[in-house]
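My entries follow in the order I made them.

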Amino acid sequence: MQEYIVIKGAREHNLKDIDLRLPRDSIIVITGPSGSGKSSLAIDTIYAEAQRRFVQSLSSYARQFIGELKKPDLDFIEGLSPSVAIEQKTVTGSARSTLGTITEIYDYMRVLYTRIGQPYCYSCGGRIASQNPESIINSILSLKRGTRLQILAPIVRQRKGKYRKELDQMRREGFIRARIDGKMVDLTRDIELNKNKRHTIEIVIDRLIVKEGINRQLKASIDVALRYSDTVVINLVDRGQDILYSQSLACPKCGISYPEITPMFFSFNSSLGACQRCRGLGYINITEEDFEQPEELIPCPECNGMRLKRESLGIKLGGKSIGELSRLNVREALEFFDSLELTEREQFIAKRVLKEIKDRLLFLERVGLGYLTIDRPAVTLSGGEAQRVRLATQLGSSLTGVLYVLDEPSIGLHPRDCARLLDTLRQLRDAENTIVVVEHDEDTIRGADYIVDLGPGGGVRGGWVVATGSPEEIKENPDSPTGLYLSGKRSIRTPESRRTPTAYLTLRGINKHNLRDLDVSFPLGVICCVTGVSGSGKSTLVLDVLYRGVSAKMKKKRGLIPFKRAEGLELVSHLICIEQKPLGKTPRSNPATYTGVFTEIRNLFSMTEDARVRGYSPSRFSFNLSGGRCEVCKGEGYKKVEMHFLPDVYVPCDECGGRRYNRETLQIKYRGKTISDVLEMTISEAYDFFINIPRLREKLKLLVDVGLGYVQLGQSATTLSGGEAQRVRLARELGKKTARGTLYILDEPTTGLHFVDIERLLDVLNRLVDKGNTVLIIEHNLDIIKSADYIIDLGPEGGSEGGRVVAQGTPEEVAQNPSSHTGRFLKERLKKERLHEKTAPVYG
C-alpha cells in the first residue's frame with residue numbers, strides 16, 4: 001500500500017497547476033480563504049478522479065449505462081482509494097424519510113417490536129391473547145341475521161412477486177375466486193402480477209349469509225381458512241368492511257383481533273402499518289409528492305402524528321409503542337434501551353438487534369446529534385446535520401482503506417461538540433482510512449495531521465498552495481494566512497466598546513418544542529448573538545418563535561403564535577429573515593439573476609451597436625427564453641446523465657459547449673466579451689470589468705463585501721452552499737432602501753468563511769446596525785460571538801435538557817458565567833487575545 005496520495009499539475013477551476021504529496025491514513029485539512037480552490041481540490045479533483053476510476057473498473061456492460069465521466073484537469077495522480085464524499089446536502093426529498101429510516105435504526109426497531117413486543121388492545125388497553133376457532137365462529141354467528149359475508153384466507157400479505165406458483169396451487173385445490181390488492185378476481189383466468197410491486201392475495205374460502213343452520217358449514221370453512229393462514233378475514237359484502245380474526249392475537253374483552261405481526265406491521269410505508277387517515281405521513285397538511293414543510297405542521301388526529309395504525313401502536317415494549325419510542329431524541333433513546341428490563345428469553349432473542357440499534361444511536365451521539373428525535377423528518381435536517389448523519393452511518397460500516405472527503409463537517413456545531421467530531425474523525429483514521437476535510441473551524445484545523453493552505457485570495461487570486469505541513473509547521477510559516485491566525489500573530493479585533501441596546505423586544509410565555517413557558521428579551525439597535533450547544537433551542541427561538549411567530553402577530557394571524565404576549569413590537573418596523581435555504585428550486589437561478597445584476601447586464605448588451613443593428617432586445621440575452629438561447633439544452637448549458645447506482649453527472653451540451661446561447665447571440669460582444677463570457681466571470685472579475693457602470697458596480701460591490709467575490713456570476717443556485725445562498729440574500733437586502741428599525745435575522749452567516757473573510761462580514765453587519773437597525777444572529781463561531789454587543793445563551797444542554805436562558809449580556813459578562821458552555825470557550829478566547837494583543841498586529 002502506498003504511503004502518499006501524489007498529485008501533479010492539478011488545474012481544475014482556479015487551481016494553478018499545483019503539486020501535492022498527501023500522507024495516507026491521516027486527517028488532512030484543506031483550508032484557505034473562500035474561493036481559494038479548496039472544493040476544487042478535494043471534491044472536483046481528488047474525489048472526482050477516484051469516482052471516475054471506480055467506474056472504469058466496472059464491466060463494459062455496466063459502463064454503457066453510465067457513460068464516460070469527465071477526467072479532472074490534472075497531469076497525474078496516484079495513491080487513491082475507493083472514495084466516499086460526505087457533503088452538505090439534504091438527505092432526501094421524501095416526506096416519509098426520517099432520521100430513524102435513513103440510519104436503519106427504525107428498521108431494527110421494527111424487528112425488535114415484532115420479536116419481543118407485547119400486544120395490547122387499542123380499545124381497552126388490556127393484554128391481547130390468541131383466538132381459537134370456536135371463538136371466531138361464535139363471533140361471526142353474533143352478527144346480524146341476513147348479513148352477507150365472504151371468508152378469506154390471506155396467503156400473501158404485502159410482498160413483491162408474481163406468485164404464479166401459489167395461484168396455480170389454489171386453482172388445483174378447487175378455489176375459483178380471490179381478492180388481490182383489494183379487487184375480486186376470477187382464478188380461472190390468467191393473472192399477471194407486477195413482480196416489482198407489493199401484493200396482498202386473499203383466497204375466497206366460502207360465501208355465506210348469517211342465518212340458522214350454517215354452523216357446520218361455517219366451522220368447515222373456518223377450519224379450511226386456518227390451514228392456509230393464522231388470520232381469517234371476514235368481508236362484510238354490503239358494508240365493504242373487513243373483520244380480522246387471528247388465531248394468535250385477539251382481545252378477550254373487546255374481541256378485537258390483530259393480524260400476524262411482522263416488521264411490515266410497523267412500517268408507515270406499507271398499507272399493513274400506515275395510518276389510513278394520513279397515509280403514513282403523520283401530518284394532514286403535507287403531501288407526499290411535493291413535501292415542503294409549512295410554517296406549522298398539523299398532526300393527524302387519527303395517529304397523533306405517529307404515522308401508524310392504532311393496532312400497530314398497540315404493541316408495547318418497556319411500556320412504549322414504537323411511535324412513542326420514535327419521539328425520543330437519540331440521547332433519551334439510549335437511556336431507554338440501557339434501562340430496558342427483559343427476561344432471559346427476550347434478551348437471547350433481541351441481543352443482536354439491540355446491539356445494532358445502540359451502536360447506531362451511539363454513533364449519532366458521537367457526532368453531536370444526540371438532540372435529534374428518531375422521527376425527525378429527513379427534509380428538515382440542515383446541511384450540516386445531514387452530513388453528520390452520513391458520517392455516523394459510515395462509522396457503523398466498519399470500512400477500512402477508504403478515502404473519505406468531507407465538506408465543513410463542523411457547521412452547526414458548538415465548540416464543545418467539535419471535540420466529539422474530531423474524536424470521530426480520529427476513529428475513522430485509526431481504522432486505516434484517509435480523511436480529507438475542507439474546513440475553516442480553528443479546532444478542526446488544529447486537530448489535523450496535515451494541512452494544505454490554499455490562497456492567497458479567492459477566485460483568480462487563489463488556487464496556489466501557500467503552505468503545507470503539520471499544524472505546528474503551518475503556525476511558523478509567515479506566508480500562511482491560516483498560520484498567522486493559528487499562532488495568534490493575526491486576529492479579528494474585539495470591539496473596544498459595546499453598543500448599548502436602545503430598547504428591548506420581549507416575548508413572554510414562549511411554548512415551542514423544548515422551550516417551555518420562557519420569557520426572552522431581545523435587545524434592539526445592536527448585534528445580538530443567540531448561542532448554545534447543538535439542540536439547545538436556538539433555531540426554535542429565533543426562527544420559529546421570533547421570526548414566524550412575530551410575523552404572524554404583525555399580520556394578525558391566529559393559531560401560529562407560540563407566545564402569550566409581545567412587548568415592544570411597535571419598535572420594529574420590518575422583520576427580515578436571511579436563511580440558508582436554496583435561492584430557488586430551479587438550477588437556472590444564479591447570483592446574477594437573484595440580485596438583479598443580470599437584468600442590468602442584458603440591458604447593457606442590448607444597447608451595443610451590433611445588437612441595435614440586429615434589433616436584439618434584452619430578452620435576446622436571456623437563457624430562459626427562446627430566441628437567443630441554445631435550444632438543444634434549453635439554455636442550461638449541460639445535460640444530466642443518470643448514473644443509476646451513483647450520483648447523477650452533468651456533462652456540457654454538445655451543441656453550445658456549455659455556453660447556453662446560440663451562435664448568433666454569441667456574436668454580440670461588450671468590450672470583447674460575450675454574454676456567456678460574462679456569466680463565467682467570478683463576481684470579483686465582473687466588479688473590475690463593470691467598474692465604470694454605477695448601477696452594476698454598486699450591486700457587485702455588495703456581493704464582494706459579503707465574501708462572494710470567488711463565486712461565478714452564472715453559477716447555478718443549486719450548487720451554492722447554504723452559507724453562500726444566505727450571503728447572496730444578504731447582499732440583495734443591503735442593496736434595498738429599508739426604513740430604520742428593521743430587525744435582520746441571520747442563521748450562521750459564517751458558514752464557509754475563512755478567518756480572513758469573517759472580518760468583511762462583520763463590517764457589513766456593523767454597517768446595518770449603524771443605519772439604526774438590529775442584527776440577530778444564530779452563531780457558533782467565537783470570532784462573531786466575541787464581536788457582538790449582546791449574547792443570549794441557551795442550554796444548558798440539547799433536547800429536553802435545553803430550552804432555557806443560561807446566560808445573557810455582553811460577551812465579557814457571559815464569559816464570567818460558570819453555567820454557560822459558550823461562556824467557558826469565550827473566556828478562553830478573550831484570555832488568549834489579551835496575551836497576544838500587546839505584541840501581535842491585529843487584522844481589521
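The notes below take the ground rules, then the sheet, the helix pair, the pocket and the cavity.

**Ground rules.** I am working with a predicted model, where local features need pLDDT of at least 70, side-chain atom pairs count only at pLDDT 80 or more, and totals for chains, interfaces and linings use all residues. Residues are numbered from 1 along each chain as its sequence is written, and side-chain values use heavy atoms, with hydrogens and water left out.

**Sheet.** I looked up an open sheet of 3 strands, ordered E2-E1-E4, with antiparallel pairing. Strands (E, at least two residues) and helices (H or I, at least four) are DSSP runs numbered from the N terminus. Two strands pair if DSSP finds at least two bridges between them. E2 (18-23) and E4 (76-78) are the edge strands, each with a single partner, so one side of each has no neighbour in the sheet. Neighbouring strands are turned by 10° against each other on average, direction ignored. I then checked E1 (residues 4-10) against E4: they pair over 3 bridges, antiparallel. Isoleucine 7 stands opposite isoleucine 77 in E4.

**Helix pair.** How do the axes of H22 and H24 cross? H22 (residues 694-705) and H24 (residues 755-770) have axes that come within 9 Å and cross at roughly 120°. That makes H22 oblique to H24. Axes are lines fitted to C-alpha atoms, for helices over the stretch in contact, and angles run from 0 to 180 degrees between N-to-C directions. Under 35 degrees counts as roughly parallel, over 145 as roughly antiparallel, 65 to 115 as roughly perpendicular, the rest as oblique. Leu702, Val704 and Asp705 in H22 meet Arg760, Leu761, Val764 and Arg767 in H24; contact means heavy atoms within 4.5 Å.

**Second largest pocket.** I noted about 1,100 Å³ of space here. Of its 36 lining residues, Leu244, Ser271, Gln276, Lys309 and Glu311 are closest to the centre. A pocket is an open set of points on a 1 Å grid over the protein atoms alone, with protein on both sides within 12 Å along at least five of seven lines; a cavity is a set where a 1.4 Å probe fits but cannot get out; lining residues have an atom within 4 Å of a point. Grid points are joined across faces, edges and corners, and a volume is the space filled by probe spheres set on them. E12 gives the largest share of the lining, 4 residues.

**Largest cavity.** I found 4 cavities of 30 Å³ or more. The largest holds about 370 Å³. Among its 26 lining residues, Ser410, Asp441, Glu442, His780 and Asn781 lie nearest the centre.
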